[in-house]
Amino acid sequence: MSTLTPPDAVALPFLGGGPRRLLIGGEWNEAASGRTFPSINPSTGETLTELAEGGAEDVNRAVAAARAAFEGPWRRMLPSERQDLIWAFADAVTAHQEELKLLEALDMGAPIGRRRPGTKPGSSWEAGVLRYFAGWVTKIHGETIPNSIPRQVLSYTLKEPIGVVAAIVPWNRPVSNAIWKIAPVLAAGCTMVLKPAEEASLAALRLGELLTEVGIPPGVVNIVTGPGETAGAALSAHPDVDKVAFTGSTTTGQHIVRAAAGNLKRVSLELGGKSPDVVFADADLDRAVPGAAMAVFTNSGQICCAGTRIFVERSIHDEFVERIATFAANLQVGNSLDPKTRIGPLVSAEQLERVVGYLDLSREEGARAAAGGARIETDDLARGYFVAPTVLTDMHDEMRVVREEIFGPVACVLPFDSIEEVTARSNDTEFGLAGGVWTRDIGKAHRMARDLRAGTVWVNNFNLMDPAVPFGGYKASGWGREMGHQALDEYLNVKSVWIDTA
């Protein structure tokens with residue numbers, strides 16, 4: 001374990017020049033209140049910079065700017081012109097991807113050396129999302145529909161942008177989360193107010209700078225930083241917002257649904273999970289052990305779809321526990337700026353307290369830690385928010401640590417005896433975001449893929465994603481989908497037109 005704070009990272013130009021401001025109508029403004037709040041480096045506990053603390057007045061100005069842009073230049077722009085701007089933004093994201101990774105590492109603790117599974121070295125996964133949706137801009141169309149009216153009547157549909165979108169995103173993947181919203185919003189022809197999480201807003205603000213540099217018209221994308229209780233709540237309830245797109249906790253999603261009822265605005269929600277990851281006795285353990293481990297420990301477990309309930313067929317349970325515990329113990333935990341770090345810090349002192357609280361609870365409930373199980377407080381990491389990758393055993397399904405989303409590097413390993421049993425236990429949860437299956441038997445793979453009540457099922461892999469493939473949940477894990485053409489539909493209205501040609 002080691003710490004690392006390169007001088008060039010500290011001197012990053014973006015972090016200089018005083019508090020970071022709000023982007024409203026193409027201009028960078030202080031919060032109306034004049035208040036700021038700190039951005040904290042979770043590897044060291046040090047303040048990186050101050051951020052404007054937006055509130056209801058700032059939200060009003062941002063929504064007005066978004067409305068003016070929607071009714072004005074953005075609506076009049078040709079599809080090919082909007083497509084060119086999204087492509088230019090994708091090129092800018094690619095050109096600045098190392099800087100964006102550095103901001104993520106400093107601001108929320110994502111290891112600087114991490115790469116999304118399936119992404120080619122040197123490429124930007126987020127730029128790929130932008131290019132995918134840029135391709136859709138010129139392909140949004142309605143249908144001509146035969147009808148049974150007994151005279152010459154033409155019927156057809158139009159697809160039109162829904163209007164002003166409030167996009168509220170979490171802190172766990174700052175660049176990806178922002179672009180998952182920006183890309184389909186711009187492709188559909190909507191405008192937006194983006195509220196990044198207060199724990200990690202720097203990358204979103206830098207994306208705002210890149211958007212203005214490539215020529216996005218003022219007001220098309222506005223960014224308001226600040227607490228969810230003020231800025232987020234004001235956006236959710238705002239009468240001139242047509243749609244809320246939220247990613248975050250199920251509890252907050254429920255608050256947003258209630259707030260959105262005022263003007264019955266459209267809502268899409270990508271929420272929490274407690275995903276099952278099922279390892280059969282016929283699985284290739286050389287793949288299943290590291291695959292299931294990193295399905296939990298990637299991003300320090302701060303992933304909504306993390307496979308934190310690992311069900312292992314009883315005949316291989318003990319071997320699997322021994323192997324995954326060894327794997328966990330050998331993961332390098334350290335400062336997010338160290339290229340050798342595999343597991344960085346948790347995002348905040350509050351999140352550290354939450355995860356440590358669940359570890360204490362696991363002992364009270366009778367679980368045993370085969371690996372980890374505590375905060376790391378060695379001299380070089382004592383000031384940061386580090387928890388050792390943890391493997392818990394001796395568990396049953398009714399324990400709170402098995403049922404509740406911890407959002408930390410905590411794997412719960414439980415034995416099972418039959419496919420019928422493990423299917424029922426996997427589905428015995430309020431969530432339904434994702435699931436994993438490890439087996440050499442194609443029949444078991446298809447059966448589990450069919451029977452798991454989840455929006456995504458990974459077989460012999462975990463956490464692979466592609467811009468063309470939709471992602472979202474069942475049950476308390478949300479409404480709607482990110483990515484794929486399904487995501488574009490979340491931002492479009494369908495209008496029916498009847499023309500009597502007689």
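The legends below describe close-up views of a predicted model. Residues are numbered from 1 along each chain as its sequence is written, and side-chain values use heavy atoms, with hydrogens and water left out. Local features need pLDDT of at least 70 and side-chain atom pairs count only at pLDDT 80 or more, while totals for chains, interfaces and linings use all residues.

**View 1. Domain 1 and domain 2 of the chain.** Domain 1 covers 23–271 + 478–496 and domain 2 covers 276–459; the bounds come from an automatic or database domain assignment. The C-alpha centres of the two domains are 31 Å apart. Domain 1 gives 24 residues to the contact and domain 2 gives 26 (heavy atoms within 4.5 Å). About 1,900 Å² is buried between the domains, 55% of it from carbon and sulfur atoms; buried area is the accessible area (1.4 Å probe) lost by two parts on being put together, summed over both.

**View 2. The salt bridge between E46 and R383.** The rule finds one salt bridge across the interface of domain 1 and domain 2 (a side-chain nitrogen of Lys or Arg within 4 Å of a carboxyl oxygen of Asp or Glu). The side chains of E46 and R383 meet at 3.4 Å, N to O. On the side of domain 1 that touches domain 2, helix α5 (residues 97–108) supplies the largest share, four residues; helices are DSSP runs of H or I, at least four residues, and strands are runs of E, at least two, numbered from the N terminus.

**View 3. The aromatic pair W171 and F407.** The whole structure holds six aromatic pairs (ring centres of Phe, Tyr and Trp, its six-membered ring, within 6.5 Å; planes under 30 degrees apart are stacked, over 60 edge-to-face, the rest tilted). The ring centres of W171 and F407 are 5.4 Å apart with planes at 80°, so the pair is edge-to-face. W171 lies in the loop between β6 (164–168) and α7 (174–188) and F407 in the loop between α14 (400–403) and β15 (410–416), so the pair ties together parts 236 residues apart in sequence.
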